[in-house]
Amino acid sequence: MRPGPISFARPLDAVRKTHPPNAMGKLAKAVNIADLRILAKARLPRMVFDYIDGGADDEVTLKRSVERFRDYLLSFDALVDIAKIDTSRAVMGAPMRLPFFISPTAASRLFHISGEPAVARAAHKAGIVYSISTLGSTSIEDIAPITPVPKLFQIYVWKDRGLVKEVVQRVRAAGFHGNVLTVDVPVAGNRERDPKNGFTLPPKITPQTVSQVLARPAWALDLLRQPKIKPANFAHLPEPPGGIIGFINSQFDRSVTWKDAAWLREEWGGPFAVKGVITPQDAQRCVEIGADAVWVSNHGGRQLDACPTTIDALSPIVHAVAGRAEVILDGGVRRGSDVVKALALGAQAVALGRAYLWGLAAGGEAGVSRALAILEEELVRTMALIGADRVEAITSRFIQTPDKL
């Protein structure tokens, strides 16, 4: 799949054709992901923005995950024919127009009333895979018909194995392409911004939060107009005290081991990824249980603080896997050049979290499309500048790692 001659204006033009001018507004002026973050901050109450933006403990991993990308440099080949740039890539057997896709994140309706459906539609228009969280605010059955784009479902091994089997059957019946087991949440991380802000999920208006909500009346009005935010995939179950967090606390199983991961792999039977891997040893265990993809992730710095950044962990994991499974990376990606660096170090594809969530918070579907367009534009430009006319041409010879500088 070769998109044709380079046109850096094409991604934004595509967004304008999809969304009317009045829906673009400030989005059109956003030239990078950092600009979308500023727009999201201006629209969301502090407690909700901090839920996206924050990390665990001292947020060391959160900060370093972004900063560490800057320590990896790119070299380039001169006088290469880059009249046509092929950005296509497949992940877990699903073809995509771009080498990045949507990572699962919980409760998208919290950030914009359009929620998961808006993100799924934007992913479809961009030609990339969409992943939905177990704790999504839209159900498996409701999201499935929205877009024919290949979809992944993110799952945990809950205490109730019958519930896990039920969910797997529903995911299969809804036509999802693959399952993603998240393994880095044996307990919830210590995200200190949330209690300081009085944040709960779903959010509540209390004496501590009322001033934050009143400062963002458009968001507050949307919240009042929509049904209660809850784990839509489990709406048929009695709601535990504490909403989504209560559900997590009641169902997280601290006794889960690699044996359980292997059980889930067999139960599902289709494309399967293990998300939350940071060491070569765990990457090898993923291969041993038959995982199709090893997903290098530190949960965006929201779980264990002061752990390795994913860009640093990537190369050793790629070497450990040795081609027996695909390697996916998330965490700290803010530029199209970050995607290129991950590909150069051996990642099959990159999953996006905060980058698209800021777009969603800033402008719903149009905001997500703008985020994806920005990253595509930067990706294509970077590929042209290093002399790579297709994704497969992006190899380790283009990257200088910090230890070799």
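Visitor: Is Glu-376 buried or exposed?

Guide: Buried means under 20% relative accessible area, exposed over 50%, and partly exposed in between (1.4 Å probe, protein chains only). Glu-376 has a relative accessible area of 4%, so this residue is buried. The model is predicted: local features need pLDDT of at least 70, side-chain atom pairs count only at pLDDT 80 or more, and totals for chains, interfaces and linings use all residues. Residues are numbered from 1 along each chain as its sequence is written, and side-chain values use heavy atoms, with hydrogens and water left out.

Visitor: Which side chain meets Glu-376 in a salt bridge?

Guide: A salt bridge is a side-chain nitrogen of Lys or Arg within 4 Å of a carboxyl oxygen of Asp or Glu. Here Arg-97 is the partner of Glu-376, at 2.9 Å from N to O. The two lie 279 residues apart, with Glu-376 in helix H17 (residues 354-386) and Arg-97 in the loop between strand E3 (94-96) and strand E4 (100-102). Helices (H or I, at least four residues) and strands (E, at least two) are DSSP runs, numbered from the N terminus.

Visitor: How many salt bridges does the whole structure hold?

Guide: The search finds 23. One of them joins Arg-43 and Asp-222 at 3.2 Å, N to O; Arg-43 belongs to helix H3 (residues 33-43) and Asp-222 to helix H11 (residues 217-225). Both Arg-43 and Asp-222 are buried.
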